[in-house]
Amino acid sequence: MKRLLQDNAGFQLYAEMRPIASLANKEARGNTYELKFTTVWKDSQNPDDEMVKAQFFLNEEAVDILWKLIGTN
């Protein structure tokens with residue numbers, strides 16, 4: 001799921017979280033998720049290009065902590 005977090009005069013910040021196939025760690029239990037923050041500048045030469053600003057791989061425990069931190073769970 002990708003969501004627009006902020007639009008400041010055409011400079012847009014997006015967050016996206018999606019489940020991914022488990023990484024090579026066979027000890028891992030549960031699902032793994034990718035959390036990615038990207039930006040788009042609508043006045044740039046290529047306004048459809050996204051820049052990745054941060055990217056994280058989270059297990060289910062980390063996702064639960066994140067939801068509690070932002071107050072949605």
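## Quick tour of a β-β-β-β-α model

Leu-69 is out in the open: its relative accessible area is 71%, so Leu-69 counts as exposed. Keep in mind that you're looking at a predicted model. The protein has four strands and one helix, and going from the N terminus the order is β-β-β-β-α.

**Around Leu-69**

- Leu-69 belongs to helix α1, which covers residues 60-70.
- As a general point, nonpolar side chains in soluble globular proteins tend to be buried together.

**The nonpolar core**

- Which residues form the largest nonpolar core? There are five of them: Met-17, Tyr-33, Leu-35, Leu-58 and Val-63.
- Val-63 touches Met-17, Tyr-33 and Leu-58, once you set aside residues up to four places away in sequence.

**Gln-12, a polar residue on the inside**

- Gln-12 sits in strand β2, residues 11-20.
- Is Gln-12 buried or exposed? Its relative accessibility is 9%, and the cut-off for buried is under 20%, so Gln-12 counts as buried.
- The Gln-12 side chain has a polar partner: it makes a polar contact with the side chain of Asp-7, at 3.2 Å.
- Leaving out neighbours within four places in sequence, Gln-12 is in contact with Leu-4, Gln-6 and Asp-7, and also with Thr-38, Thr-39, Val-40 and Lys-42.
- Of those partners, Thr-38, Thr-39 and Val-40 fall in strand β3, which spans residues 32-41.

- Tyr-14 is 22 residues away from Lys-36 in sequence, yet the two are 8.2 Å apart in space, C-alpha to C-alpha.
- Ignoring neighbours within four places in sequence, Lys-36 has contacts with Tyr-14, Ala-15 and Glu-16, plus Val-52, Ala-54 and Gln-55.
- Tyr-14, Ala-15 and Glu-16 lie within the residue range of strand β2, 11-20.

**Whole-chain numbers**

- Of the 73 residues in the protein, 22% are buried.
- The protein exposes about 5,800 Å², and 51% of that comes from carbon and sulfur atoms.
- Among contacts with a separation of 6 or more, 34% link residues 24 or more positions apart.

Definitions and conventions
Residues numbered from 1 in each chain as written. Predicted model: local features only at pLDDT ≥ 70, side-chain atom pairs only at ≥ 80, totals over all residues. Heavy atoms only, no water. Core = buried A, V, L, I, M, F, W, Y, C linked by side-chain atoms within 4.5 Å. Buried < 20%, exposed > 50% of the residue type's maximum accessible area, 1.4 Å probe, protein only. Contact = heavy atoms within 4.5 Å. Helix = DSSP H or I, 4+ residues; strand = E, 2+ residues; numbered from the N terminus. Areas by Shrake-Rupley, 256 points an atom, 1.4 Å probe, with all protein chains shown as cover. Polar contact = N/O pair within 3.5 Å; in protein donor to acceptor, adjacent residues only side chain to side chain.
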